[in-house]
Amino acid sequence: MPCPRLPEGFDATDPDLLESRVPHPEFARLRQTAPVSWCPQPRGATGFDDGGYWAVTRHADVKYVSTHPELYSSRENTAIIRFNGHISRDQIEAQRLIMLNMDPPEHTRVRQIVQRGFTPRAIRSLESALRDRARRIVEDASGDADGGFDFVTRIAVELPLQAIAELIGVPQEDRARIFDWSNKMVAYDDPEYAITEEIGAEAAMELIGYSMNLAAARKECPAGDIVTRLVAAEDEGNLSSDEFGLFVLLLAVAGNETTRNAISHGMHALLTHPDQWELYKRERPATAADEIVRWTSPVVSFQRTATRDTELGGRKIRKGDRVGLFYSSANRDPEVFENPEVFDITRDPNPHLGFGGGGPHFCLGKSLALREIDLIFGAIADTLPDLRLAGDPRRLRGSWLNGIKELRVSTGG
Ligand code: HEM
């Protein structure tokens, strides 16, 4: 039962499509005519040979599914993966050890422990180190600005990785290795990087091993840092060294490329909307970072799996059906946003779902990500106020990320 109002074979997780654009016009049609619609997927495109998934495109429905984990489970892999082939049962089992793919009450225990590392106080304690980093990253790139440089590799990549390293207390001399593993893990979706799934898996194992050692060292010899609070606080419950290793793995994926793409797309959005860039430089509105996340929606979609027969938006959903939550679409829903197609850095309120639709899995790193975005654009406005685009962005190939892999910018004439 393919949706008759969509182009034949339309699938918003198709890498061929996402490599060229986010399908906003199709999302608009879906929201209006078939807000919960069945999207067929070719056999073998994913590990789920169930014929497809339900595409959920309205803000209210994305929120509903996100906040009802008893009806919509996270245990069957949360990304709608459609790339080089299959995700095996073994891979799904392994991913269940990561909190993103857990359901309550298992998820609740882990979440309660790890959120100690993300309290407002913990994020504030990183502020001056991150501000310094942001300034240094931009100053380093500014030396080449006249001739032009790639914004992604010179600016957007660096701060999210530094923030995670800072958060978990990775010593300076180990950071290059952590960054290398993290980059290998997130890039293998795109054939241009020539990184295979095997290399990605190997990097993941090395990162987990490194983090487990870090945890074991803190258990042995507690320090006043966040790792210690997560692994060695016996009385409040703690993470085992394995659980800590998997948590760092999740951070390296969830907190890295998402924020990198928010920064890259944010720069592109500001430079293609000169009035907004001028406004930003003049007033630095505190609302800008949220609008950048709404506008760019770095995570296009995540998925859930129905735990029983149910109904959504008037459609019958069967137990075991996959349900795709399209944050990119929800974030331009005119039922919720006035002039959703306008990029307005003073938008307030801005109840976007770029960090998820609420519910137990709501992005743990939201405050950190918003601070990073603020700090990096503040540094750019101070040091490179005359930056402009020097070419069209080259987009990342993937099935659930709205990514940019190259964005040429310069200050030259
Ligand atoms: C979960 C988006 C930055 C850590 C999520 C989810 C989304 C998301 C959509 C899933 C929510 C759900 O399923 O309901 C983003 C975006 C970011 C960003 C767009 C940047 C602009 C970060 C950062 C960190 C982080 C900087 C940490 C360093 C996490 C974690 C989860 C998560 C740990 C899983 C939470 C759980 O399962 O309970 N994020 N994220 N994210 N994010 Fe973020």
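Guide: In this predicted model, helices are DSSP runs of at least four residues, numbered from the N terminus.

Visitor: Which helices each supply at least two residues of the shell around the ligand?

Guide: The shell around the ligand has 18 nonpolar, ten polar and one charged residues. Among the 29 residues around the ligand, those that come nearest are Gly255, Thr258, Gly356, Cys363 and Gly365. The helices that each supply at least two residues of this shell are H12 (241-254), H13 (257-272) and H17.

Visitor: How is H15 oriented relative to H17?

Guide: Helix H15 spans residues 288-296 and helix H17 spans residues 366-383, and their axes lie 9 Å apart. The two helices pack at an angle of about 110°. Angles of 65 to 115 degrees count as roughly perpendicular, so H15 is, relative to H17, roughly perpendicular.

Visitor: How many nonpolar residues does the contact of H15 with H17 have?

Guide: From H15, the contact is made by Ala288, Ala289, Asp290 and Ile292. H17 contributes Leu370, Ile373, Asp374 and Phe377. By class, the contact has two charged residues and no polar ones, while its nonpolar residues number six.

Visitor: How many of the eleven residues of H8 are buried?

Guide: Helix H8 covers residues 158-168 and is mostly covered. Its buried residues include Glu158, Leu159, Pro160 and Ile168. Of the eleven residues in H8, the number buried is ten.

Visitor: Which residue follows H8?

Guide: The residue after H8 has a positive phi. That phi is near 70°, and the residue is Gly169.

Key: Residues are numbered from 1 along each chain as its sequence is written. This is a predicted model: local features need pLDDT of at least 70, side-chain atom pairs count only at pLDDT 80 or more; totals for chains, interfaces and linings use all residues. Axes are lines fitted to C-alpha atoms, for helices over the stretch in contact, and angles run from 0 to 180 degrees between N-to-C directions. Angles under 35 degrees count as roughly parallel, over 145 as roughly antiparallel, 65 to 115 as roughly perpendicular and the rest as oblique. Two residues are in contact if their C-beta atoms, placed from the backbone, lie within 7 Å. Ala, Val, Leu, Ile, Met, Phe, Trp, Tyr, Cys and Pro count as nonpolar, Asp, Glu, Lys and Arg as charged, and the others, Gly among them, as polar. A residue is buried if 20 or more other C-beta atoms lie within 10 Å of its own, exposed if 12 or fewer, and partly exposed in between; C-beta atoms are placed from the backbone. A residue is near a molecule or strand if its C-beta atom, placed from the backbone, lies within 6 Å of it.
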